[in-house]
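Please look at the sequence and the structure side by side, and keep both in view while you read the explanation that follows.

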Amino acid sequence: MISFAPVLPEDTRLFTVVGHFGSGKTEFAVNLALALREERDEVALADLDVVDPYFRSRECEPLLVQRGIRLISSANTCRDADLPSMPAEVNVLLDNPSLTGVLDIGGDPSGARVLARYRRRIGESSAALLCVINANRPLSDTADKCIDYIRRIETACGMGVTALVNNTHCCHLTEVEDVLAGAEMAREVSEKTGIPILCHCAPCKIAADVPLDHIFPMELFMKKPWE
């Protein structure tokens with residue numbers, strides 16, 4: 001079961017994920033899709049990151065397919081081209097009310113602009129805009145930096161952030177103290193903006209040791225190019 005704070009309606013169908021470069025946005029999007037698939041019959045993960053090719057949810061396609069999750073991304077022949085175009089299957093995701101969708105969006109305001117074209121249709125569904133924050137990254141290591149980033153994302157896509165996801169990490173070296181420090185910053189961001197905290201992410205190997213409510217255990221699937 002997904003260990004989320006009760007800040008989203010149970011019938012939320014579209015989970016749009018944004019976050020700064022290095023926040024672990026894509027790792028969260030993949031784990032979220034896998035968790036949703038445990039509870040729902042039809043789940044799709046849409047890789048709509050047309051800005052940054054470093055980590056892509058499409059890299060997990062074999063795993064996603066094995067778990068019965070539909071992957072929506074650009075055509076195989078264009079996977080490394082970063083063309084500023086959206087796959088036509090996105091319309092299927094938006095139109096099918098029985099399909100739960102996770103949308104992995106580019107990690108800066110430029111990437112978030114792809115949402116603007118779908119804003120009206122997303123608004124017609126039960127949707128959430130989740131912002132992943134990581135207190136261990138220099139461009140998002142204070143509450144004020146996070147808030148500035150959130151506001152720029154909201155301006156770019158014309159939508160308001162629904163909930164915060166604390167994913168403060170150091171990849172495979174993440175310790176309990178990292179998660180707790182991120183939780184403190186997330187609480188400050190939440191208090192200043194009124195945006196609730198959805199969950200605190202932690203690698204599965206330490207998740208049980210984190211003394212917080214609403215822990216979201218995550219497997220680490222994203223590999224650096226040299227790994």
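Two aromatic rings of Phe, Tyr or Trp (for Trp, its six-membered ring) count as a pair if their centres lie within 6.5 Å, and the pair is called stacked if the planes are under 30 degrees apart, edge-to-face if they are over 60 degrees apart, and tilted for the rest. Before this definition is applied, note that the model is predicted, so that local features need a pLDDT of at least 70 and side-chain atom pairs count only at pLDDT 80 or more, while totals for chains, interfaces and linings use all residues. Residues are numbered from 1 along each chain as its sequence is written, and side-chain values use heavy atoms, with hydrogens and water left out.

A search of the whole structure finds two aromatic pairs. In one of them, the rings of Phe 4 and Phe 216 have centres 5.4 Å apart and planes at 55°, so this pair is tilted. The pair links distant parts of the chain, since Phe 4 belongs to the segment before β1 (14–19) and Phe 216 to strand β8 (residues 215–218), 212 residues apart. Helices (H or I, at least four residues) and strands (E, at least two) are DSSP runs, numbered from the N terminus. Phe 28 and Phe 216 form an edge-to-face pair, with 5.6 Å from centre to centre and 75° between the planes. Here too distant parts of the chain are linked, with Phe 28 in helix α1 (residues 25–37) and Phe 216 in strand β8, 188 residues apart. Together, Phe 4, Phe 28 and Phe 216 form one aromatic cluster. Phe 4 and Phe 216 are both buried, and so is Phe 28, where buried means under 20% relative accessible area, exposed means over 50%, and partly exposed is in between (1.4 Å probe, protein chains only).

On a 1 Å grid over the protein atoms alone, a pocket is an open set of points with protein on both sides within 12 Å along at least five of seven lines, a cavity is a set of points where a 1.4 Å probe fits but cannot get out, and lining residues have an atom within 4 Å of a point. Grid points are joined across faces, edges and corners, and a volume is the space filled by probe spheres set on the points. The lining of the second largest pocket divides into 11 nonpolar, one polar and three charged residues, where Ala, Val, Leu, Ile, Met, Phe, Trp, Tyr, Cys and Pro count as nonpolar, Asp, Glu, Lys and Arg as charged, and the others, Gly among them, as polar.

How many cavities of 30 Å³ or more does the structure hold? It holds one, and the space in the largest cavity is about 40 Å³. Its lining is made by His 20, Ser 23, Cys 131, Val 132, Ile 133, Asn 134, Ser 140, Cys 146, Tyr 149 and Ile 150, and it divides into six nonpolar, four polar and no charged residues. Strand β5 (127–133) and helix α6 each supply at least two residues of this lining.

Among the buried residues of α6 are Cys 146, Tyr 149 and Ile 150. Just after α6, Gly 158 takes a positive phi of about 70°.

The cysteines deserve a separate look. A disulfide is a covalent bond between the sulfur atoms of two cysteines, and it is identified here as a pair of cysteine sulfur atoms within 2.5 Å. By this rule the count comes to zero disulfides. Cys 131 is in none, as the nearest cysteine sulfur, that of Cys 146, is 7.3 Å away, and Cys 131 is buried at 0% relative accessibility. The sulfur of Cys 171 is 7.4 Å from the closest cysteine sulfur, in Cys 170, which is too far for a bond.

Cys 171 is found in the loop between β6 (163–166) and α7 (176–193), and at 26% relative accessibility it counts as partly exposed. Its phi is near 55°, a positive value in a residue other than glycine. His 214, in the loop between α8 (204–207) and β8, likewise has a positive phi, near 60°, in a residue other than glycine, and with a relative accessible area of 32% His 214 is partly exposed.

Is Ile 122 buried or exposed? Ile 122, which lies in helix α5 (residues 119–123), is buried, with a relative accessible area of 2%. The C-alpha atoms of Ile 122 and Leu 94 are separated by 6.9 Å, although these residues are 28 residues apart along the chain.
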